[in-house]
Amino acid sequence: MPVAPNDVRPFAALDDVDRAILTELAADGRQPNNALAERVGVAPSTCLTRTRALRECGAIRGFHAEVDPAAVGLPLQALVSVRLTAHERAAVDAFRARSVRLPGVVSVFHVAGAEDYVLHVRAASGDALRDFVLDHLAVDPAVQHTQTSLIFEQARGMG
């Protein structure tokens, strides 16, 4: 059963083998079980059992392919900071629920500071990005202010 995003259940029960599996999968989620087992120093059957358990407890949230946005016609990326007009839980939760379904939204981050959310957005062009902000955010009564920062380059970290 997957863990809910706000579940604060600690992963203290994970041992060194579990953490090694997670580290290896974060670096290359496509490696076959036999190679993963060899890298972490356990039998393939043990590795498979541990990986399944890590998925079931929510330590592994899923697997995905990292696709070049330009290959799917969305070469422009931006971070759109959003300040909400109200901060009651219902308003905040409703904005999050709406924003993750908006076209072009890759990720939604609820952040501390002057802004409440940062949306990672992909768009086909500058015009499409402008339209996204105007059509989906500026007209939202829950949104007080937005600020858009273009992403010139993205590099993935090891964490």
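UniProt positions are given in the numbering used here, feature names are shortened, and annotations may be inferred rather than shown by experiment. The structure is a predicted model, in which local features need pLDDT of at least 70 and side-chain atom pairs count only at pLDDT 80 or more, while totals for chains, interfaces and linings use all residues. Residues are numbered from 1 along each chain as its sequence is written, and side-chain values use heavy atoms, with hydrogens and water left out.

**View A. The annotated span, residues 14–75.** An unreviewed UniProt entry lists these residues as "domain: HTH asnC-type". The span is 55% helix and 0% strand, and its end C-alpha atoms lie 39 Å apart. Helices (H or I, at least four residues) and strands (E, at least two) are DSSP runs, numbered from the N terminus.

**View B. Packing of helix H1 (residues 16–27) against helix H3 (residues 44–57).** Axes are lines fitted to C-alpha atoms, for helices over the stretch in contact, and angles run from 0 to 180 degrees between N-to-C directions. H1 and H3 are therefore roughly perpendicular (65 to 115 degrees; under 35 counts as roughly parallel, over 145 as roughly antiparallel, the rest as oblique). On the H1 side, Val17, Asp18, Ile21, Leu22 and Leu25 meet Cys47, Arg50, Thr51 and Leu54 of H3; contact means heavy atoms within 4.5 Å.

**View C. An open sheet of 4 strands with antiparallel pairing.** The strand order is S2-S3-S1-S4, where two strands pair if DSSP finds at least two bridges between them. Strand S2 (105–110) and strand S4 (143–151) are the edges: each has a single partner strand, so one side of each has no neighbour in the sheet. On average, neighbouring strands are turned by 20 degrees against each other, direction ignored. S2 and S3 are joined in the antiparallel sense over 5 bridges, and Phe109 stands opposite Val118 in S3. Helix H4 lies across strand S1 (76–84), S2, S3 and S4, and runs at about 15 degrees to S3.

**View D. The aromatic pair of Phe95 and Tyr117.** Rings of Phe, Tyr and Trp (its six-membered ring) pair if their centres lie within 6.5 Å; planes under 30 degrees apart count as stacked, over 60 as edge-to-face and the rest as tilted. The count by this rule is 1 aromatic pair. Phe95 and Tyr117 are tilted, at 5.1 Å centre to centre with 50 degrees between the planes. Phe95 belongs to helix H4 (residues 89–99) and Tyr117 to strand S3 (residues 117–123), 22 residues apart, so the pair links distant parts of the chain. Phe95 counts as buried because its relative accessibility is 1%, and Tyr117 is buried at 0% (buried is under 20% relative accessible area, exposed over 50%, partly exposed in between; 1.4 Å probe, protein chains only).
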